[in-house]
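Open the structure in a viewer and keep the sequence panel beside it. The stops below say what to select and what is there.

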Amino acid sequence: MATQAKRPRVAGPGGGGDADPVAGFLSWCRRVGLELSPKVAVSRHGTVAGYGMVARESVQPGELLFEVPRAALLSQHTCSIGGLLERERGALQSQSGWVPLLLALLHELQAPASPWRPYFALWPELGRLEHPMFWPEEERRRLLQGTGVPEAVEKDLANIRSEYYSIVLPFMEAHPGLFSPRVRSLELYQQLVALVMAYSFQEPLEEEEDEKEPNSPLMVPAADILNHLANHNANLEYSANYLRMVATQPIPKGHEIFNTYGQMANWQLIHMYGFVEPYPGNTDDTADIQMVTVREAALQGTKGEAERLLLYERWDLLCKLEMVGEEGAFVIGREEVLTEEELTTTLKVLCMPAEEFRAFKDQDGWRDERAEHSLRITSIPKLRASWRRLLRDSVLLTLQTYATDLKTEQDLLSNKEVYARLSWREQQALQLRYGQKMILHQLLELTS
């Protein structure tokens, strides 16, 4: 099934007057040395949504689709105020690490002579981004309750507001000649945060650089035109002077070229990009069981104050072992538990007899013992009965956090006429909820 990807892109704030933004962009590409293979085309036709890249001729794995010289990248280092941003780097530090790039974008967007204006013309219209942070709060909570997205969005909005008023606005006001009054806006800043979230790239660190801070995000013209698919057919490669998009699978003539944004569950896709892959297309989809939900399920099985106190003692030990946290989650995929060590250790500690727990707590070699366990989906039926019972109770509590049950979702998805009448947001939210619930119901079957 084809994925529904990004919403249609229309002229962004930098190039709305261009009658043919694609022609303007391709002309700019030639000027800056951004070379596209003659086998590919930027198009709205034959793509899942908005602008995309399509194969004009069949492409083989390993073929170069396009290469972007580093001088064409838009980042805090290449923008026209790069020197100022570097000098003020200490004052621009933030939780996100994105402030310098966002200031670069705010400046270039309103600079009449910005060399990236033809690139901006292919941006989505900022007022029409479909990230849940732009949905009315009531709609966000109603459609996404239980998915984890509303909570993530609330944190985003609080951080964006804090970052804007404490760092970004003071910086723009201190340099009024570089930032016109029309870009000094929390609304525009929030839109650019969403754009960076969805369209920027972060160059991976080399193996020997693992201890370093992550690289700053950057905008990569042409690369950000490609839509996402878990089963993608192209990949971005980094080298000293160029970034290259290379085919990873055979791409027949007329087919769309897809990049990957990484192994991302549907809740992450809708949170960061504003779309999901319809079930069962996203093989990287996951469902979360909040760690405190497992504690709540275990508490339900205690009898008397002594057992409750012992359970909290077990939980405290798990916290000290850094296996659980008040805001953490156990992540369950379709075929494996992504947090297998944390979940295995938690089930073990919460379910072991009291005498065994005392010995375990005093034992110096718990790390070696812990490493013996692994937890894959196929091995869940082989777990001890007490472990399966606790896991099942945790799944049931998790399912209660949704506003609807699995059958309601199945009925909507199976009725094509009803589904077609749903809004874009309702369809995306339905696919998200359904994928998560299918994973959780699979767990219910395996723990029975």
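A residue counts as buried under 20% relative accessible area, as exposed over 50%, and as partly exposed in between, with a 1.4 Å probe and protein chains only. This is a predicted model, in which local features need pLDDT of at least 70 and side-chain atom pairs count only at pLDDT 80 or more, while totals for chains, interfaces and linings use all residues. Residues are numbered from 1 along each chain as its sequence is written, and side-chain values use heavy atoms, with hydrogens and water left out.

**Backbone stops**

Select E322, in the loop between α10 and β10. Helices (H or I, at least four residues) and strands (E, at least two) are DSSP runs, numbered from the N terminus. E322 counts as exposed, at 68% relative accessibility. Its phi is positive, about 60°, although E322 is not a glycine. Most residues other than glycine have a negative phi, and most peptide bonds are trans.

A222 is not a glycine either, yet has a positive phi of about 80°. Is A222 buried or exposed? A222 is buried, with a relative accessible area of 1%.

Then select Y279 and P280, which are joined by a cis peptide bond with omega of about 5°. P280 sits in the loop between α8 (266-272) and β9.

**Aromatic rings**

How many aromatic pairs does a search of the whole structure find? The search finds 12. Rings of Phe, Tyr and Trp (its six-membered ring) pair if their centres lie within 6.5 Å; planes under 30 degrees apart count as stacked, over 60 as edge-to-face and the rest as tilted. Select Y119 and F120: their ring centres are 5.9 Å apart and their planes are at 40°, so the pair is tilted. Y119 and F120 are both buried.

**A strand residue**

V54 is found in strand β3 (residues 52-55). V54 counts as buried, at 10% relative accessibility. Contact means heavy atoms within 4.5 Å. Leaving aside neighbours within four places in sequence, V54 is in contact with residues including K39, V40, H255 and I257. The C-alpha atoms of V54 and K39 are separated by 8.5 Å, and the two residues are 15 apart along the chain.

**Helices**

Select helix α9 (residues 291-300), which is mostly covered, with seven of its 10 residues buried. Among the buried residues of α9 are M291, R295 and L299. The elements that the buried residues of α9 pack against include β9 (286-290), α11 (340-351) and α14.

Now show α14 (residues 385-399) with α17 (residues 424-446): the two pack at an angle of about 150°, with their axes 9 Å apart. Axes are lines fitted to C-alpha atoms, for helices over the stretch in contact, and angles run from 0 to 180 degrees between N-to-C directions. That angle makes α14 roughly antiparallel to α17; angles under 35 degrees count as roughly parallel, over 145 as roughly antiparallel, 65 to 115 as roughly perpendicular and the rest as oblique. Residues of α14 including R388, L391 and V395 meet residues of α17 including K437, L440 and L444.

End at α5 (residues 137-144) and α6 (residues 149-174), which pack at about 150° with axes 9 Å apart. These helices, α5 and α6, are therefore roughly antiparallel to each other.
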